[in-house]
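Please consider the sequence and the three-dimensional model shown here.

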Amino acid sequence: MSREEMFEAILDSIPYRIVFVDTDHIIRYLNKEARHHYYDVRGYDELVGKSIFTCHSEKSKEMLIAAVEKLRNHGNEIYLGVSVYNERKYINPVRNEKGELIGYFERFERNLQK
């Protein structure tokens with residue numbers, strides 16, 4: 001198993017949507033849960049390689065841009081609120097070994113307890 005396959009398997013085992021976006025706001029990765037949500041549930045075509053704003057309202061776009069600016073200034077995880085699907089929304093920075101922001105990922109959490 002390659003390192004890439006191992007990391008993808010780890011990300012796909014997480015029961016929340018994870019969408020990785022570069023600093024130009026281009027979607028670079030969706031985990032299994034995110035692919036299911038955006039492709040099967042929401043009916044989007046391939047999103048990898050497209051702007052994150054393809055699947056966001058203007059209000060959400062403004063909120064994301066402001067949050068990414070905070071991340072650029074060495075901010076940590078930011079809580080964005082609750083989605084229309086009753087999930088807690090977060091944005092997390094991804095930095096290289098020099099501490100430079102190379103992207104971010106959106107994470108959506110729902111209560112998995114029954």
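The paragraphs below take up each of these topics in turn.

The model is predicted, so local features need pLDDT of at least 70 and side-chain atom pairs count only at pLDDT 80 or more, whereas totals for chains, interfaces and linings use all residues. Residues are numbered from 1 along each chain as its sequence is written, and side-chain values use heavy atoms, with hydrogens and water left out.

The account begins with the sheet. Helices (H or I, at least four residues) and strands (E, at least two) are DSSP runs, numbered from the N terminus, and two strands pair if DSSP finds at least two bridges between them. In these terms the model contains an open sheet of five strands in the order 2-1-5-4-3, with antiparallel pairing. Strand 2 and strand 3 stand at the edges and have a single partner strand each, so one side of each is left without a neighbour in the sheet. From one strand to the next, the twist averages 20°; for such angles, axes are lines fitted to C-alpha atoms, for helices over the stretch in contact, and the angles run from 0 to 180 degrees between N-to-C directions.

The individual pairings can be followed across this sheet. Strand 1, residues 17-22, pairs with strand 2, residues 27-30, in the antiparallel sense over three bridges, and Phe20 stands opposite Tyr29 in strand 2. The hairpin of strand 1 and strand 2 has four residues between the strands, and His25 takes a positive phi near 65° there. Val82 has Arg88 in strand 4 as its bridge partner. Strand 3 and strand 4 also form a hairpin, with five residues between them, in whose turn Asn86 has a positive phi of about 60°. Strand 4 is in turn joined to strand 5 by eight antiparallel bridges, and Arg95 has Leu101 in strand 5 as its bridge partner.

Strand 5 also holds Phe108. Phe108 is buried, its relative accessible area being 5%; buried means under 20% relative accessible area, exposed over 50%, and partly exposed in between (1.4 Å probe, protein chains only). Phe108 and Tyr85 are 23 residues apart in sequence, and their C-alpha atoms are 9.5 Å apart in space.

The interior comes next. A nonpolar core is a set of buried Ala, Val, Leu, Ile, Met, Phe, Trp, Tyr and Cys residues joined through side-chain atoms within 4.5 Å. The largest such core has 21 residues, and those with the most contacts inside it are Val19, Leu30, Tyr38, Ile52, Ile91 and Tyr104. At least two residues of this core come from each of strand 1, strand 2, helix 2 (32-41), helix 3 (58-72), strand 3 (78-82) and strand 5 (101-109). Helix 3 gives the most, with four residues.

Ile10 belongs to helix 1, residues 3-13, and is partly exposed, with a relative accessible area of 45%.

The charged pairs complete the picture. A salt bridge is a side-chain nitrogen of Lys or Arg within 4 Å of a carboxyl oxygen of Asp or Glu, and by this rule the count comes to eight. Arg35 forms one with Asp12, the closest N and O atoms being 3.5 Å apart. This pair links distant parts of the chain, with Arg35 in helix 2 and Asp12 in helix 1, 23 residues apart. Arg35 is partly exposed at 28% relative accessibility, and Asp12 is partly exposed at 21%.

Another salt bridge joins the side chains of Arg110 and Glu33 (3.7 Å, N to O). It too links distant parts of the chain: Arg110 lies in the segment after strand 5 and Glu33 in helix 2, 77 residues apart. Within helix 3, the side chains of Glu69 and Arg72 meet at 3.0 Å, N to O. These two residues are three apart in helix 3 and therefore separated by about one helical turn. Finally, salt bridges that share partners join Glu77, Arg88, Arg107 and Glu109 into one network.
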